[in-house]
Amino acid sequence: MKKKILVTGGIGYIGSHTVVELQNAGYEVVIVDDLSNSTIEVLDGIEKITGIRPPFVKLDLKDKEGVGRLFEAHAGINGIIHFAASKAVGESVQQPLKYYRNNIVTLLNLLDLMPSNGVQGIVFSSSCTVYGQPDILPVTEEAPIKPALSPYGNTKQINEEIIRDTLHAGAPFKSIILRYFNPIGAHPSAEIGELPNGVPQNLIPYLTQTAIGIRKELSVFGDDYNTPDGSCIRDYINVVDLAKAHVVAIDRMLGSKSGENLEIFNLGTGNGVSVLELIHGFEKATGVKVPHKIVGRREGDIEKVWANPEHANKVLGWTAKESLEDTLASAWKWQLKLRERGIQ
Ligand code: UFG
């Protein structure tokens, strides 16, 4: 019998790509999402790619009774992948309580209700933001957790601690925490991709919107960092590669192989790429120019961070495969598709 996975935030950017890979791998998926930062049309994209329209429940996971009803209506959920969260760093500084409430109460409700519903494990979406500016690069999972620079970052740290403490107390399930570096790109079919609300805060959506003429100019936040070209360095990982890592994590968590009840993995490529390199890489991959100018630093930005992905490579048997060039081309194809659909 197919194993059943509840994907929270499964209509969102990383969530939708993961639903596709889970269904391709033979899992039965149930999506729960409150659509606060996503649109239901994403389900059409998932169905076009996989031929399967997964059951969808519109629910705010802060509603504990609602979560209880969800488990009853979809009995037999084996595992959860928990993406649903608020994720805008800047907004979290303005509205900290919204972030603490949305990102913490939702996890508490899931963890509370997992045992009575026989759920065997939860994969949690964390972030390299927990490392702050690491002292040693590339950063491994053993690197110290640094004080968070935003309430958003703090919620990821607190979430990790909540999971650790719950398992330490003997909760009858397993967990895998995945620390993402910078996910970019879109499904190669361009049926799903990233759809930011309003003015994009992240580099790639701003860049592709500039390339297509929605925005006049991309601002490069600082060229006076201690990096070879002065701009910040990140580890940009293809979103489909990232999605596939979740399938491997679910296989491992629900299989009998992993002995540990809590495991943590970095999901990155291992390559650091600067903002300016990324812009030039995009221009090379697509032949489209990106008007840009250097402006001052953005508050709270980390100078440089990239992953040591060896632990995930060895233990999960997963490696990021897509080239940066193909990934950037996929982001562009998605932006063109959005224009075709009259969305952006
Ligand atoms: N940048 C620009 N111009 C822009 C947008 C971004 O130069 O218009 C630069 C930033 O300064 C940074 C790099 O591009 O150097 C990447 O910025 P993003 O906003 O795309 O990503 P971040 O690394 O700041 O943050 C992302 C997610 C967070 C997450 C963090 C670490 O947005 O949610 O990675 O995991 F916490």
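User: How many disulfides does the structure hold?
Analyst: The count is 0. Keep in mind that this is a predicted model. Cys-128 takes part in no disulfide. Its nearest cysteine sulfur belongs to Cys-232, 12 Å away.
User: Is Cys-128 buried or exposed? And Cys-232?
Analyst: Cys-128 is buried, at 9% relative accessible area. Cys-232 is buried too, at 4%. The cut-off for buried is under 20%.
User: What does Val-273 touch?
Analyst: Its contacts include Cys-232, Ile-233, Arg-234 and Tyr-236. Leu-278 and Leu-324 also touch Val-273. That leaves out residues up to four places away in sequence.
User: How many residues apart are Val-273 and Cys-232 along the chain?
Analyst: They are 41 residues apart, with 8.1 Å between their C-alpha atoms.
User: Where does Val-273 lie?
Analyst: In strand β12, which covers residues 273-274. Val-273 counts as buried because its relative accessibility is 12%.
User: New topic. Which helix has Leu-110?
Analyst: Helix α5, residues 96-113. Leu-110 is buried, with a relative accessible area of 0%.
User: What is Leu-110 in contact with?
Analyst: Setting aside neighbours within four places in sequence, Leu-110 contacts Thr-8, Leu-61, Val-67, Phe-71, Ile-80, His-82 and Ile-122.
User: How far apart in space are Leu-110 and Ser-36?
Analyst: 19 Å, C-alpha to C-alpha. In sequence, 74 residues separate Leu-110 and Ser-36.

Definitions and conventions. Residues numbered from 1 in each chain as written. Predicted model: local features only at pLDDT ≥ 70, side-chain atom pairs only at ≥ 80, totals over all residues. Heavy atoms only, no water. Helix = DSSP H or I, 4+ residues; strand = E, 2+ residues; numbered from the N terminus. Buried < 20%, exposed > 50% of the residue type's maximum accessible area, 1.4 Å probe, protein only. Contact = heavy atoms within 4.5 Å. Disulfide = S-S within 2.5 Å.
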